[in-house]
Amino acid sequence: MTAPHHRLEQRKVRFDFSATPLHWVPDEPEVSHVMNTLHILLPAGEFWFCRVYNKAVPLITDPLLLDDVRGFIKQEAQHARAHDSALEPYLYRHGIDPSKFLRGVRWLFDKVLCDHPLGDNALSRRLQRWWLVQRVGLIAAVEHFTCVLGDWVITTDKLDHANPVMLDLMRWHGAEEVEHRCVAHDLHVHLGGSIVMRWFYMVVATLALTYLFHAGSRLMMRQDPAIKRVRGFLPLWRELGRRGVLPRMGAIGRAVGRYFLPGYHPRTESDTSLALAYLASSPAAQRAAEEARTGI
Ligand SMILES: [Fe+2]
Ligand SMILES: [Fe+2]
């Protein structure tokens, strides 16, 4: 549980990508594509988070956690919408067609990870609570990554020269990931998730995210004439991490290691005040706050 309780709010941000160059991190096509994977992975992934969490809501007996989960759902839905809004005016406009990857992730989240992946039958209905807790465990592991990456994107100065609109999307999202970093872990524990499950789903999440970022960024790099040779994903990340334009692999590895500690809790992974400081200065969040205040 976050203490003192910090109420999560949905910020109805909007972004105009009509002038955003394909290489929104200047002279860094590979960095741009690795981060662009978020636009093609997260709309399906984060709406799946929302569906799973809506199933969990009736099982929550702690009113503060219930408030956190409701705020989390609203924030994740807005993240999915914001990344989805980059597809047409940004990726397709620049000639990048990610439809094959989009079909794959939709199959993953809508079929494999749905309520009844093997069909709606008596056994599947009996296993519903168990299956829900498994998926909540997987989301908790993914949220550890989103917090660590979010902390990096709001604190690094290596992206300060990037396209301000795309950078604001990444940093607004990263800041909200830091802001709600405790919710998924707290929900998993509240529903009876064990430490062994936590370890298991961290292994699953690490492998799955590595594969998805590899496949998504590779698909887009292959369509970019500026990239003559698509390099292997892990050596590429290592090199970009060394230069500071992506998080260092060692830092990610250490973060994964912390998740296996018996006393792990996401509250010590970052600092809510860092997130709130960025959100107070984010152009998109400021516009959203102004629109909410004036009712426009
Ligand atoms: Fe998110
Ligand atoms: Fe999140």
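This is a predicted model: local features need pLDDT of at least 70, side-chain atom pairs count only at pLDDT 80 or more; totals for chains, interfaces and linings use all residues.

Modeller: Residues are numbered from 1 along each chain as its sequence is written, chains are lettered from A and ligands numbered from 1 in the order in which they are written, and side-chain values use heavy atoms, leaving out hydrogens and water.

Colleague: What makes R7 and D67 a link between separate parts?

Modeller: R7 sits in the segment before α1 (29-56) and D67 in helix α2 (residues 63-84), so parts 60 residues apart in sequence get tied together. Helices here are DSSP runs (H or I, at least four residues), numbered from the N terminus.

Colleague: How do you know whether R7 is buried or exposed?

Modeller: Buried means under 20% relative accessible area, exposed over 50%, and partly exposed in between (1.4 Å probe, protein chains only). R7 has 60%, so it counts as exposed. R11, by contrast, is buried at 10%, while its salt-bridge partner E9 is partly exposed at 45%.

Colleague: Which parts of the chain do E28 and R243 link?

Modeller: Their side chains meet in a salt bridge of 2.7 Å, N to O. E28 is in the segment before α1 and R243 in the loop between α10 (233-242) and α11 (249-259), 215 residues apart. E28 is buried at 13%, and R243 is partly exposed at 38%. Shared partners join E28, E30, R231, E239 and R243 into one network.

Colleague: What puts the buried residues of α4 on the same side?

Modeller: Those are F101, L102, V105 and F109. They cover an arc of only 100° around the axis, so they lie on the same side of α4; the arc is taken from the directions from the helix axis to the C-beta atoms. The face turned away from that buried side carries exposed K100, R103, W107 and K111.

Colleague: What do the buried residues of α4 pack against?

Modeller: They pack against α1, α3 (87-92) and α9 (195-222), where contact means heavy atoms within 4.5 Å.

How values were computed. Helices (H or I, at least four residues) and strands (E, at least two) are DSSP runs, numbered from the N terminus. A salt bridge is a side-chain nitrogen of Lys or Arg within 4 Å of a carboxyl oxygen of Asp or Glu.
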